[in-house]
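Reader: I have some time to go through this one. Can you take me through it piece by piece?

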Amino acid sequence: MSARKLTVAAAFVASALSSSALAQDLVVRGERVFTMAGAAIENGVVVIENGKIVAVGPEATMEVPEGYEQLSAAVVTPGLVDAHTVVGLTGYSNQPDEQDFLETSSPIQPELRAIDAYNPDERLIDWLRGFGVTTLHTGHGTGALVSGQTMVVKSVGLTVDDAMVERRAMVAGHLGPGALGEGDKAPGTRPKQIAMLREALIKAQTGGEKDDKPKRDLQAEVLRDVLARKLPLMITANRAQDIMGALRIGDEFDIDVVIDGAAEAYLVLDELREAGAAVILHPTMTRHFGDYANASFISAAALREAGIPFALQSGYEAYVPKTRVVLWEAGFAAAHGLAFEDALRSVTIDAARIIGVGDRVGSLEPGKDGDVALFDGDPFEYTTHVIGVVIDGVVVSREAN
Amino acid sequence: MPNIRTLLAGACALAAICTPLAAQERPIVFEGAIILTMAGETIENGALVIEGGKVVSVGAGIEIPADAERRDMRGMVIMPGIVDTHSHIGGVSGADSSSPIQPEVRAMDSINPRDSRIAKARAGGVTTANVMPGSGYLMSGQTFYMKLRRGQAIEDIAFLWDDGTVMGGMKMANGTNPIREASGFPKTRAKSAALVRTRLVAAQAYCEGEKETRDLANEALCEVLGGKRIVHFHTHRADDVMTAMRLRDEFGFRLVIQHGMESYKVADRIAASNTPVSAILVDSPGGKLEAMNASLAAAGILERAGVLTSLHSDDGIIDSRLMFRQAGLAVRAGMTRQGALRALTINGARQLGLADRVGSLEPGKDADFLVLDGDPLSVYTDIRETWVEGEKLFDLADPEQAIYATGGYGAGEDTLPGEVLDHSGEMIGGGQ
């Protein structure tokens with residue numbers, strides 16, 4: 001192989017392996033720039049160097065560096081953050097061999113790691129990225145009492161390590177009819193679910209105290225990190241009684257509980273606020289069946305009005321379509337009582353904070369990752385297009401989607 | 001002493017659901033709105049006059065009847081009610097798993113007229129819907145053309161043929177959904193086609209014969225072969241679309257391609273044979289093998305090829321309240337604005353054979369229309385009112401009705417279409 005060919009090959013490998021390796025210096029202009037860290041900027045500029053944001057402000061008051069690649073759009077926002085998905089663990093063709101988000105062999109398996117199942121080559125990741133989604137909180141899903149761990153990744157990368165933002169974000173749990181055992185398998189009822197979860201937490205608590213050199217127990221190690229509040233327990237709970245059950249667990253063990261789904265959260269707003277729990281709300285357009293029978297398009301607005309921190313998610317889809325897009329879920333919330341910027345916050349900075357990566361992504365501020373979404377109009381309008389996506393300073397999409 | 005009619009009217013008010021004793025008798029005029037008639041140019045500052053449940057006149061500067069009740073609609077947009085060409089509201093079901101071809105089964109025998117999902121669809125602007133059995137069968141039964149009036153019994157919300165019988169199409173399917181382990185069901189695509197051909201050949205013989213003994217299945221198939229009953233053919237992959245058209249060409253039934261996820265790949269062939277497509281646009285590809293190439297651009301591609309294209313909900317795949325959203329997404333990916341609005345209204349009416357009754361605002365047609373507070377394709381626009389045959393059946397300003405637009409506690413438990421969803425809200429096979 002000639003030296004030139006080798007160089008080309010090496011460059012190709014580098015670009016595929018790591019986005020930061022090829023991070024460009026970029027100037028992104030927006031007629032309106034929503035930084036999510038202060039008021040929107042008219043005729044604003046975002047300057048990115050080596051993958052990080054170095055300056056943000058009105059063009060009139062800034063020295064914009066020359067020689068950088070220039071992008072411009074009617075509206076510029078931070079790259080969008082999907083606060084909860086199973087994309088990467090659930091394949092888009094929906095065949096059994098690519099569905100790794102739920103292990104049903106046992107109801108409590110916190111030792112299952114998202115990093116051991118994530119397929120960064122999954123087509124749905126490309127799909128979401130094309131609509132401005134740059135950060136994903138993904139991993140084990142709903143359907144088991146404790147299904148495993150979640151992580152935070154960027155929507156690029158050849159391997160999970162390339163994509164990694166946070167290897168362990170939360171432990172995923174689920175209370176309610178959606179997480180009951182098949183047939184005679186426990187848990188078969190709601191109180192059994194709570195009893196089993198309490199037992200597992202108590203066992204982890206006491207197991208660590210018994211002797212100085214406890215045998216390694218992967219399950220207990222993870223639950224101990226939950227008990228030590230190093231990891232939040234994200235509990236999917238949709239019916240009001242399941243939400244209250246989750247809050248009761250949080251209170252008993254003094255752990256951080258994040259309520260996921262929360263279809264009936266609007267019935268227990270005071271309780272959620274008093275507990276200080278954050279909510280990762282179901283997709284605004286979720287189907288109003290089963291546990292979501294009483295879901296409402298105005299739940300996001302109700303949470304905002306009650307002062308409860310929340311984010312929107314794409315959630316889990318068992319059939320067609322195989323994933324939702326948080327851009328559209330936020331838009332639908334904005335059309336149902338949530339203020340425009342609050343809706344944008346629910347898929348940028350508020351989502352980033354709830355999943356524990358608010359210091360890196362979710363807003364356009366110096367020092368943060370160069371993740372940007374560009375739009376040719378109001379981002380939430382059905383007929384607007386995403387016209388550019390930047391991750392860590394690399395332009396990863398230039399299509400109009 | 002109150003007459004019987006007054007008593008009945010009182011009972012209706014208490015029940016809050018009843019068939020109107022008489023359609024509205026005094027003309028009502030809606031003035032000052034932008035009117036999208038779907039039968040011509042947009043009318044700025046127009047007037048719509050309705051009487052007796054029908055459109056009397058529509059236009060700018062038209063004559064207003066002296067006795068008309070006048071409603072100020074300035075700032076509003078008025079357009080025809082949505083015709084949803086593929087829906088599963090009302091807890092509909094059809095064939096059972098005992099055999100793959102069951103033309104004798106009627107959707108009308110399963111639908112619950114009180115299902116809250118009907119009220120939700122009305123809040124979403126749907127005034128006519130083709131309510132169908134599922135797709136896990138080669139032929140799952142007779143579909144039901146629903147007019148979303150008030151109604152206590154299925155006949156109250158039916159369209160009727162001239163002979164007074166209940167109108168509908170025939171649901172068929174190919175591709176993976178009807179391929180099932182159950183006894184008698186096909187295991188391959190070719191077998192699916194062969195089973196259908198065999199059955200239609202047998203029906204041809206019956207229909208041409210003496211018909212001495214009644215045979216419910218063959219009677220329905222005679223209506224299919226005679227062109228009275230339109231076939232709504234669930235099909236996804238481009239080759240399956242071609243198979244559906246091949247069967248149509250052989251037996252001469254009237255065909256509407258339902259879903260047709262990959263129909264855009266053979267848009268020219270579909271256009272060449274004047275085959276209509278009832279399309280659906282989903283938020284992402286995948287979820288099943290046949291939806292792997294789903295594209296938001298599909299509706300626009302079909303439109304440019306000259307295909308009569310409608311958009312449908314397949315409720316509960318897409319909630320009936322998201323119909324305008326689909327039109328918006330279609331425009332995002334290349335359909336014209338006018339084409340997308342026609343895909344929600346008149347095109348669907350034509351596909352169902354109901355264009356003389358619904359789908360546009362023209363004199364003599366049913367007074368089914370929506371009052372919107374802005375651009376129909378904007379996410380921020382609300383449906384303020386839904387009128388069906390001259391009656392306001394949804395009013396966003398009334399909190400008791402507004403809940404149907406948003407959902408929430410009190411919006412009612414929906415009757416699940418068993419074909420589509422299991423008890424936990426998760427999809428099972430056979431729906432899409």
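Reader: What share of the residues in chain A is buried?

Author: Buried residues account for 60% of the 401 residues in chain A. Keep in mind that this is a predicted model.

Reader: How much accessible surface does chain A have?

Author: About 15400 Å², and carbon and sulfur atoms hold 49% of that.

Reader: What about contacts in chain A, what percentage join residues at least 24 apart?

Author: The figure is 66%, taken among contacts between residues at least 6 apart in sequence.

Reader: Secondary structure next. How many helices and strands in chain A?

Author: Chain A has 11 helices and 16 strands.

Reader: Pick strand 6 of chain A. Is it enclosed or exposed?

Author: Strand 6 covers residues 133-139, and seven of its seven residues are buried, so the strand is largely enclosed by the rest of the structure.

Reader: Which strands does it pair with?

Author: Strand 5, residues 80-85 of chain A, pairs with strand 6 in the parallel sense over four bridges. On that pairing, Thr138(A) in strand 6 is the bridge partner of Thr85(A). Strand 7, residues 146-154 of chain A, pairs with strand 6 in the antiparallel sense over five bridges. There, Lys154(A) in strand 7 is the bridge partner of Thr135(A).

Reader: What do strand 5 and strand 6 of chain A make with helix 2?

Author: A right-handed β-α-β unit, with helix 2 spanning residues 123-130.

Reader: And how many residues sit between strand 6 and strand 7 of chain A?

Author: Six, and the two strands form a hairpin. Gly143(A) is in the turn, with a positive phi of about 115°.

Reader: Changing topic: the largest nonpolar core. Which residues touch the most other members?

Author: Ile259(A), Leu272(A) and Phe144(B), out of 195 residues in that core. Helix 9 of chain A, residues 326-334, gives the largest share, seven residues.

Reader: What is Ile259(A) in contact with, leaving aside neighbours within four places in sequence?

Author: The contacts of Ile259(A) include Ile235(A), Ile243(A), Leu247(A), Leu272(A), Val279(A) and Ile280(A). There is also a second, separate core of 18 residues, which includes Val152(A), Ala172(A), Val258(A) and Ala311(A).

Reader: Back to helix 9 of chain A. How many of its residues are buried?

Author: Nine of the nine, so helix 9 is largely enclosed by the rest of the structure. Trp328(A), Glu329(A) and Phe332(A) are among them.

Reader: Which residues other than glycine have a positive phi?

Author: Asn43(A) is one of them, with phi near 50°, and Asn43(A) belongs to strand 2 of chain A. His259(B) has phi near 75° and belongs to strand 12 of chain B.

Reader: Is His259(B) buried or exposed?

Author: Its relative accessible area is 1%, and the cut-off for buried is under 20%, so His259(B) is buried.

Note on methods: Residues are numbered from 1 along each chain as its sequence is written. Chains are lettered from A and ligands numbered from 1 in the order in which they are written. This is a predicted model: local features need pLDDT of at least 70, side-chain atom pairs count only at pLDDT 80 or more; totals for chains, interfaces and linings use all residues. Side-chain values use heavy atoms; hydrogens and water are left out. A nonpolar core is a set of buried Ala, Val, Leu, Ile, Met, Phe, Trp, Tyr and Cys residues joined through side-chain atoms within 4.5 Å. Buried means under 20% relative accessible area, exposed over 50%, partly exposed in between (1.4 Å probe, protein chains only). Contact means heavy atoms within 4.5 Å. Two strands pair if DSSP finds at least two bridges between them. A crossover is right-handed if, with the strands pointing away from the viewer, the path from the first strand over the helix to the second runs clockwise. Accessible areas come from the Shrake-Rupley method with a 1.4 Å probe; for residues, only the protein chains shown count as cover.
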